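Subject: A structure to look through

Hello,

Here is the structure I promised to pass on. Please open it next to this email and follow along.

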Amino acid sequence: SCIPFIYGCMDPLAANYNVNANTENNTCFYLIFGCTNINAINYNPDANVNDGSCIPFIYGCTDSDAFNYNPEANTDNGLCIAIVLGCTNPYYFNYNSTANTDDGSCIPFIYGCTDSNAFNYDPEANTDFGGLLCVAVVEGCTDDTALNYDSEANTDDGSCIAFAYGCTDSEALNYDSGANTDDG
């Protein structure tokens, strides 16, 4: 008895395997699992069955040393910003407007006189509003018990003269040449 030709795929590993086929017709079709979405980062052009593994493109900075690094990005957008260290708080003395990463170096404003030649110079001060907080040195005698006391002086220049009481009349019998203040 004659056996008819039954054409089909005879590979049992193929998706379209035909158990009744007795003649291979080269139509075997194999399942290739993978991402079939052409808009995904892991698109597999050989896949014919989507396995749910597609990963969408996430644009951002992928440089972990950059200021705006995005750990979720998988595609670099070319917009990475270099880290600039400095004081980022505008309410501090050494604020750096170009800094984008605070390095803990912020110094608070310390108001006082910053002119080392001024009477009230403060070596700790860093802000004095253009010298408005400074007092000029006025030299003179600052001892209020001295003969030549100067109430305007704020820096003693060593010129103080102590009161020396006695008779200052050179015609008098008890004239005292060392006296500068007559005691009557």
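Is Asn26 buried or exposed? Asn26 is exposed, because its relative accessible area is 71%. The cut-offs are these: buried means under 20% relative accessible area, exposed means over 50%, and partly exposed lies in between (1.4 Å probe, protein chains only).

Some ground rules before we go on. This is a predicted model, in which local features need pLDDT of at least 70 and side-chain atom pairs count only at pLDDT 80 or more, while totals for chains, interfaces and linings use all residues. Residues are numbered from 1 along each chain as its sequence is written, and side-chain values use heavy atoms, with hydrogens and water left out.

**The whole chain**

The protein has 12 strands and 0 helices. Both kinds of element are DSSP runs, numbered from the N terminus: helices are H or I with at least four residues, strands are E with at least two. Along the sequence the pattern reads β-β-β-β-β-β-β-β-β-β-β-β. The radius of gyration is 48 Å, well over the 16 Å that the globule rule gives for 184 residues, so the protein is more spread out than a compact globule. That radius is taken over C-alpha atoms, and the globule rule is 2.2 Å times the number of residues to the power 0.38. Along the principal axes, the C-alpha atoms fill a box of roughly 175 × 20 × 15 Å. Of the 184 residues, 17% are buried.

**Two backbone angles**

Most residues other than glycine have a negative phi. Now go back to Asn26. Asn26 is not a glycine, yet its phi is positive, at about 60°. Look for Asn26 in the loop between strand E2 (23-24) and strand E3 (33-34).

Phe129 also has a positive phi, near 55°, and is a residue other than glycine. Phe129 sits in the loop between strand E8 (101-102) and E9. Phe129 counts as exposed because its relative accessibility is 51%.

**Two surface patches**

Which residues form the negative surface patch? They are Glu139, Asp143, Asp144, Asp156 and Asp157. Take Asp144 from that group. Asp144 is in the loop between strand E9 (139-140) and strand E10 (155-156). With a relative accessible area of 59%, Asp144 is exposed.

The other patch is nonpolar and covers about 710 Å². Phe93, Ile107, Phe109, Tyr111, Phe129, Leu132 and Leu133 make it. Leu133 lies in the loop between E8 and E9. Leu133 is partly exposed, with a relative accessible area of 34%.

How is a patch defined? Patch residues have over 30% relative accessible area and no salt bridge; like charges are joined within 9 Å, and nonpolar side chains (Val, Leu, Ile, Met, Phe, Trp, Tyr) within 5 Å. A salt bridge is a side-chain nitrogen of Lys or Arg within 4 Å of a carboxyl oxygen of Asp or Glu. Asp and Glu count as negative, Lys and Arg as positive; His and the chain ends are not counted. A charge is placed at NZ of Lys, CZ of Arg, CG of Asp or CD of Glu. Areas come from the Shrake-Rupley method with a 1.4 Å probe.

Start with Ala136, in the loop between E8 and E9. Ala136 is exposed at 55% relative accessibility. Ala136 and Leu147 are 11 residues apart along the chain, and their C-alpha atoms are separated by 24 Å.

Gly104 is also in the loop between E8 and E9. Gly104 is exposed, at 64% relative accessible area. Gly104 and Cys87 are 17 residues apart in sequence and 6.7 Å apart in space, C-alpha to C-alpha.

Finish with Leu13, in the loop between strand E1 (7-8) and E2. Leu13 counts as exposed at 71% relative accessibility. From Leu13 to Phe29 is 16 residues in sequence and 9.1 Å in space, C-alpha to C-alpha.

Best wishes
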